Amino acid sequence: MSFTDILNRYDWEDVTASIYAKTKDDVKRALNKRKRDTEDFKALVSPAAAPFLEQMAAMSKSITQKRFGKTVQMYIPLYLSNKCDNHCIYCGFNKGNKFPRTVLNEDQILKEARVIKSYGFEHVLLVTGEAPRECGLDYFKRAFELLRPYFSLISIEVQPMETDQYRQLMDMGLHSVYIYQETYNRERYGIYHPKGKKSDFKYRLETPDRLGKAGVFKTGIGFLIGLENWRTEAFFTALHLSYLEKTYWQTKYSISFPRLRPHAGSYQPSHPISDRELLQLITAYRIMDEEVELSLSVRESKKFRDNAFQLGITSISAGSKTDPGGYSNPSSSLKQFEEHDERSPLEFASVVRSKGYEPVWKDWDPCLQ
Amino acid sequence: MQPLTIAGKTFNSRLFTGTGKFSSSEMMEKALLASESELVTVALKRVDAHSGMDDMLSKLKHPHINLLPNTSGVRTAKEAVFAAQLAREALQTNWVKLEIHPDPKYLLPDPEETLKATAELAKMDFTVLPYVHADPVLCKKLEEAGAAAVMPLGSPIGSNMGLETRHFIEIIVGQSNVPVVVDAGIGKPSHAAEAMEMGVDAVLVNTAIAVAGDPVTIAKAFKNAVNAGRMAYEAGMAGISQQAVASSPLTSFLDD
């Protein structure tokens, strides 16, 4: 049994139609319940919920404060490499993009680590494309050895791996893994991922199962916002979350909101989403699941970030550079996407404080694993 | 009001507090001072205990405040024992609030692992305060294993729902030879007062203070509620009668 078996029970078009069939009464019922299920979630992401956004934001804010307090966790990505064997048509690292590629060596990794550490970060997210010959298990192990003395918590957003490989990395200090399905639309997945290992829909879909079996502390899921209808994607993400919470109950979960941004190759999303809709999505997840972590990156604008982190978001990056080496040697290499909010981590942290929230830099200790 | 003694240490305040979820460490300090709490729990994972520069710890340096490191984040007895040893070294205290929750969603305590870790830590001369379900049998076993106090939950942590487990807490209070501290779920001062009236020795409050509109004032309100509840308990409250008893229709024949 894996999530594939569950996903196979659903038809994309039927689900979409059922979301659009939700009425104001369905939304009211969902909002007035004490515990909501994925059917209530459909109502919350439906067009019928749009007039309830203010109420949803207020609920999301208070539920989030109850669980997470007046705090927001701070993290930063460290791009180790922009080499990639995949041809994802929406991504700047697409193999077809003819740009010089970089894989950071040990010295470069340490330089980046020192800059990041000087900002105050204790949580770091390692990011790569998918190029296992250069950035495979051994490369990651070495990176963990180098970085563990610098950071309290190390997470990764890299190619999907095998259960045993995740276990080996946990022994080296891995805490959490982020793996986005990009789209849950099986029929159309191949259009976006025509070649390379990533074209295997099922292998990617079952990665959170392998992470659960490996016992990682936290798994982050999500879809790439802009590829397909966000409401339908959101439902399948919620379904995935609900399956994972029941099956791998010792793992913590997080949802991210990667929204397509301009990049080299300039793919234009066919299903763009407004800020208003993105906020509806964030608050809908929160109202359905009071405990799930919600994470926001610098893909979003200042205005959106400064407000949204109070309305459901529990962890947020700041000062990110999406090109390998970009912290110690700015604009040196190909970026994954253009950062929308270019404020420094300290500038952003002072905004957080000015809104009456505490930026939390450290919420894990290596002695706990 | 009688002072409370746990493992030979005397507390004038029966309100224990936590340090998470505050909007700033300055606000935390103000609220904790207003609460007059003398035992404050700190998550080991949140502090940088080694550098001596930790912002939160620096705000807790007051003569009347004792630190109670907690093991939040561990999933097994083995990890908990390891974390407790590090906490002892880093924070210079052998007190530990034992929290073992393998379930990161509801943060519910694992009874088997908690019992195992309590026995082990007690042998290593720790003062162990285990966070557990309101399970009277488990609390007796923890006492036998060497717990310095037991900390049954009132309702799920952070839920502010109050004493949903009150009937079990009453049994625990009635049976326990070690102090009983209600931890988790206390959402308002009246919940704290209710627990104290029942004869609970102390309560631990965090979310309800940290997330309140005005944490300093609510901290004072909790202090007063805890004191009021304790005073009432010590005074011995009048019983509640179910109905007015004007005459004695069932027993008056005895006087005939």
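Chain A has 15 helices and nine strands; helices (H or I, at least four residues) and strands (E, at least two) are DSSP runs, numbered from the N terminus. Its radius of gyration is 19 Å, close to the 21 Å that the globule rule gives for 369 residues, so chain A is as compact as a globular protein of that length. The radius of gyration is taken over C-alpha atoms, and the globule rule is 2.2 Å times the number of residues to the power 0.38.

This is a predicted model, in which local features need pLDDT of at least 70, side-chain atom pairs count only at pLDDT 80 or more, and totals for chains, interfaces and linings use all residues. Residues are numbered from 1 along each chain as its sequence is written, while chains are lettered from A and ligands numbered from 1 in the order in which they are written.

Chain B has nine helices and ten strands. For its 256 residues a compact globule would have a radius of gyration near 18 Å, and the 20 Å of chain B agrees with this.

A residue is buried if 20 or more other C-beta atoms lie within 10 Å of its own, exposed if 12 or fewer, and partly exposed in between, with C-beta atoms placed from the backbone.

| Chain | Box, roughly | Buried residues |
|---|---|---|
| Chain A | 60 × 45 × 40 Å | 52% of 369 residues |
| Chain B | 85 × 40 × 35 Å | 48% of 256 residues |

Two residues are in contact if their C-beta atoms, placed from the backbone, lie within 7 Å. Among contacts in chain A between residues at least 6 apart in sequence, 78% join residues at least 24 apart. In chain B, residues 24 or more positions apart account for 63% of the contacts with a separation of 6 or more.

Helix α4 of chain B covers residues 111-123 and reaches 19 Å from its first C-alpha to its last, close to the 18 Å expected at 1.5 Å a residue. That expected span is 1.5 Å times one less than the number of residues. Buried residues of α4(B) include Glu113(B), Leu115(B) and Leu121(B). The buried residues of this helix pack against α3 (77-91), β6 (95-98), β7 (127-132) and α5 (136-145) of chain B. After α4(B) comes Asp125(B), with a positive phi near 65 degrees.

Strand β6(B) is covered on both faces, with Trp95(B) and Lys97(B) buried on one side and Val96(B) and Leu98(B) on the other. β6(B) and β7(B) run parallel and are joined by four bridges; two strands pair if DSSP finds at least two bridges between them. Leu98(B) has Pro130(B) as its bridge partner in β7(B). From β6(B) the chain passes through α4(B) to β7(B), a right-handed β-α-β crossover. Right-handed means that, with the strands pointing away from the viewer, the path from the first strand over the helix to the second runs clockwise.

**Where the chains meet**

The contact involves 21 residues of chain A and 25 residues of chain B. On the side of chain A that touches chain B, helix α5 (residues 53-68) of chain A gives the most, with three residues.
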